[in-house]
Amino acid sequence: MKRTVISLLCLAALLCAAIYFYYRNPAAELPPKDGDGPAVAKPVIYLYPEEETEVTVCLDLDGDLTCAYPAYDGGWTVTAQPGGILTDAEGRTYNYLYWEGITPTEYDFSQGFCVPGEDTAAFLEDALARLGLTRREANEFIVYWLPRMEPNPYNLIAFQAAAYTDHARLTITPEPDSLLRVFMAWQPLDAQEDIPAQDLPAFDRTGFTIVEWGGAEIVSGKK
């Protein structure tokens, strides 16, 4: 009888522990939902017209928009200044348009860079300058991503072209003279991996210029 009581108490303790773990860590018990994908984190869009201009920007995302600021109601319409300051219809000002979302997009890691975590800042400073971001734009990019990347032993980094832009389409009115969309897909690694080096084309800012940057951290095994 005593052994039975002890066994029942042990089973009850195990059950309580399992319930506690489930509610503290539900994601560990549930498989990903169909259609889930990597989060597209903090794409920001800078507008630089040659003179004060009312601009409308519309986003067509293959996925779900999860956050936007200013609020996104079928598009953003703001008055943009040559220095990049944006003003909405209520007179509120912004430095850029911001959005985040979830998409099932598969990013391209056929070329890229494997960078030690401790070298991430220096790598991004060089890469973003070559891609055409200004010092201010690159600074805001690095400040956002560096805390997530620097502690890792290595980071596998690939700047995306059509794999991103074909699934997050922008329609801009009036149409800009030059458009730069810098999107970094990356994955933390425990060990170095060989990958063909990626070419980083230069960008020519001409006339009415729009610049966007963003990124996505790819879960291990789901490149």
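A: Ile142 is buried, with a relative accessible area of 9%. This is a predicted model.

Q: Which element does Ile142 lie in?
A: Ile142 is part of helix H4.

Q: And what is Ile142 in contact with, leaving aside neighbours within four places in sequence?
A: Ala121, Leu124, Glu125, Leu128 and Pro147.

Q: How far apart are Ile142 and Thr120 in space?
A: 9.0 Å, C-alpha to C-alpha. In sequence they are 22 residues apart.

Q: OK, the helices. At what angle do the axes of H3 and H4 cross?
A: Roughly 150°. The axes of H3 (residues 120-131) and H4 (residues 135-149) come within 10 Å.

Q: Parallel or antiparallel, then?
A: Roughly antiparallel, because the cut-off for that is over 145 degrees.

Q: Left-handed or right-handed crossing?
A: H3 passes H4 in a right-handed crossing.

Q: Which residues meet there?
A: From H3, Thr120, Ala121, Leu124, Glu125 and Leu128. From H4, Arg135, Ala138, Phe141, Ile142, Leu146 and Met149.

Q: How many of those are nonpolar, polar or charged?
A: The contact of H3 with H4 has eight nonpolar residues, one polar and two charged.

Q: New topic. How many disulfides in the whole structure?
A: Zero, on a search of the whole structure.

Q: What about Cys114, buried or exposed?
A: Cys114 counts as buried, because its relative accessibility is 16% and the limit is under 20%.

Q: And how does Cys67 count?
A: Cys67 is partly exposed, at 35% relative accessibility.

Notes: Residues are numbered from 1 along each chain as its sequence is written. This is a predicted model: local features need pLDDT of at least 70, side-chain atom pairs count only at pLDDT 80 or more; totals for chains, interfaces and linings use all residues. Side-chain values use heavy atoms; hydrogens and water are left out. A disulfide is a pair of cysteine sulfur atoms within 2.5 Å. Buried means under 20% relative accessible area, exposed over 50%, partly exposed in between (1.4 Å probe, protein chains only). Axes are lines fitted to C-alpha atoms, for helices over the stretch in contact, and angles run from 0 to 180 degrees between N-to-C directions. Helices (H or I, at least four residues) and strands (E, at least two) are DSSP runs, numbered from the N terminus. Angles under 35 degrees count as roughly parallel, over 145 as roughly antiparallel, 65 to 115 as roughly perpendicular and the rest as oblique. A crossing is left-handed if the near helix is turned anticlockwise from the far one by less than a right angle, and right-handed if clockwise. Contact means heavy atoms within 4.5 Å. Ala, Val, Leu, Ile, Met, Phe, Trp, Tyr, Cys and Pro count as nonpolar, Asp, Glu, Lys and Arg as charged, and the others, Gly among them, as polar.
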